[in-house]
Amino acid sequence: AKAGINFGIKGGYNVTNFSFSNDVLESSNKSGFFIGPSVKIGIPVLPIGFEVAALYDQRDAKLSTQENGEETLSQKSINIPVNIRYELGLGDMAGLYFAAGPQFGFNIGDKKFSFKNANEYKMKDSNLSLNLGAGVRLVKHLEIGFNYNIALGKTGEFNVVDGAKNLVGNGKANSWQISAAYYF
């Protein structure tokens, strides 16, 4: 018996929750997208397999302070999710799957964003997160999935001048994702 290996393309939409270690920064309009190649590897006879992808991911948010107004932050990265999958199949026509695993992210865009009055947000060069997801497989080749991506540590640091105070803190980005994948 041979393992089932399927190559495909995956893309989708992000809604990211940027949270900060104090209440000086606020975020809104937290949307983005991702796209890239994906591979599924099935283990013969078992309903368990793996999914690995290399996704270009862009997440945008408007960051604001009460004193300094609003600026746009755009995080561009290559994310490599490595998920273990459990699939409940209904033959070749349909199936349900559950997936979980680590995601390794490497920032490829601007890592430092400067705001008015010397405020700045600096992203880490790389980050680690955890994926938890589920989805459906339709007509053997198409998958629609939902995923929650949980940051395992800080994704950036900020330095904000608020009145006479200079505030330093950490930021974290967790995301809800909706995806579609087509496997050949």
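A residue counts as partly exposed when its relative accessible area lies between the buried limit, under 20%, and the exposed limit, over 50%. Phenylalanine 33, at 37% relative accessibility, is therefore partly exposed. The model is predicted. It holds 3 aromatic pairs and 7 salt bridges.

**Aromatic pairs**

- Phenylalanine 33 and tyrosine 56 form a tilted pair, 6.0 Å centre to centre with 50° between the planes.
- Phenylalanine 33 belongs to strand S3 (residues 31-42) and tyrosine 56 to strand S5 (residues 55-65), so this pair ties together parts 23 residues apart in sequence.
- Tyrosine 56 is partly exposed, at 25% relative accessibility.
- Tyrosine 148 and tryptophan 176 also make a tilted pair, because their planes stand at 45°; the ring centres are 4.5 Å apart.
- Tyrosine 148 lies in strand S11 and tryptophan 176 in strand S13 (residues 165-183), so the contact ties together parts 28 residues apart in sequence.
- Tyrosine 148 is partly exposed at 22% relative accessibility, whereas tryptophan 176 is exposed at 56%.

**Charges over rings**

- Lysine 40 lies over the face of tyrosine 183, at 4.6 Å from the ring centre.
- Arginine 85 places its charged end over the ring of tyrosine 97, 4.0 Å from the centre.

**Salt bridges**

- Lysine 10 pairs with glutamate 51, with the closest N and O atoms 3.1 Å apart.
- Lysine 10 sits in strand S1 (residues 4-20) and glutamate 51 in strand S4 (residues 48-53), so the bridge ties together parts 41 residues apart in sequence.
- Lysine 10 is buried at 12% relative accessibility, and glutamate 51 is buried at 4%.
- Arginine 59 and aspartate 57 meet at 3.2 Å, N to O; both are buried.
- Glutamate 87 and arginine 137 meet at 2.5 Å, N to O.
- Glutamate 87 lies in strand S6 (residues 69-89) and arginine 137 in strand S10, so their bridge ties together parts 50 residues apart in sequence.
- Arginine 137 is buried, at 9% relative accessibility.
- A network of salt bridges links Lys10, Lys40, Glu51, Arg85, Glu87, Arg137 and Glu143.

- Strand S10 (residues 126-138) and S11 run antiparallel, joined by 10 bridges.
- Valine 136 has isoleucine 144 as its bridge partner in S11.
- The two strands form a hairpin with 3 residues between them, and valine 139 in the turn has a positive phi of about 50°.
- In a regular strand, side chains alternate between the two faces of the sheet.
- The covered face of S11 (residues 142-151) carries Glu143, Gly145, Asn147, Asn149 and Ala151.
- Its uncovered face carries Leu142, Ile144, Phe146, Tyr148 and Ile150.

How values were computed
Residues are numbered from 1 along each chain as its sequence is written. This is a predicted model: local features need pLDDT of at least 70, side-chain atom pairs count only at pLDDT 80 or more; totals for chains, interfaces and linings use all residues. Side-chain values use heavy atoms; hydrogens and water are left out. Buried means under 20% relative accessible area, exposed over 50%, partly exposed in between (1.4 Å probe, protein chains only). Helices (H or I, at least four residues) and strands (E, at least two) are DSSP runs, numbered from the N terminus. Two strands pair if DSSP finds at least two bridges between them. Rings of Phe, Tyr and Trp (its six-membered ring) pair if their centres lie within 6.5 Å; planes under 30 degrees apart count as stacked, over 60 as edge-to-face and the rest as tilted. A charge sits over a ring if NZ of Lys or CZ of Arg is within 6 Å of the ring centre and within 35 degrees of the ring normal. A salt bridge is a side-chain nitrogen of Lys or Arg within 4 Å of a carboxyl oxygen of Asp or Glu.
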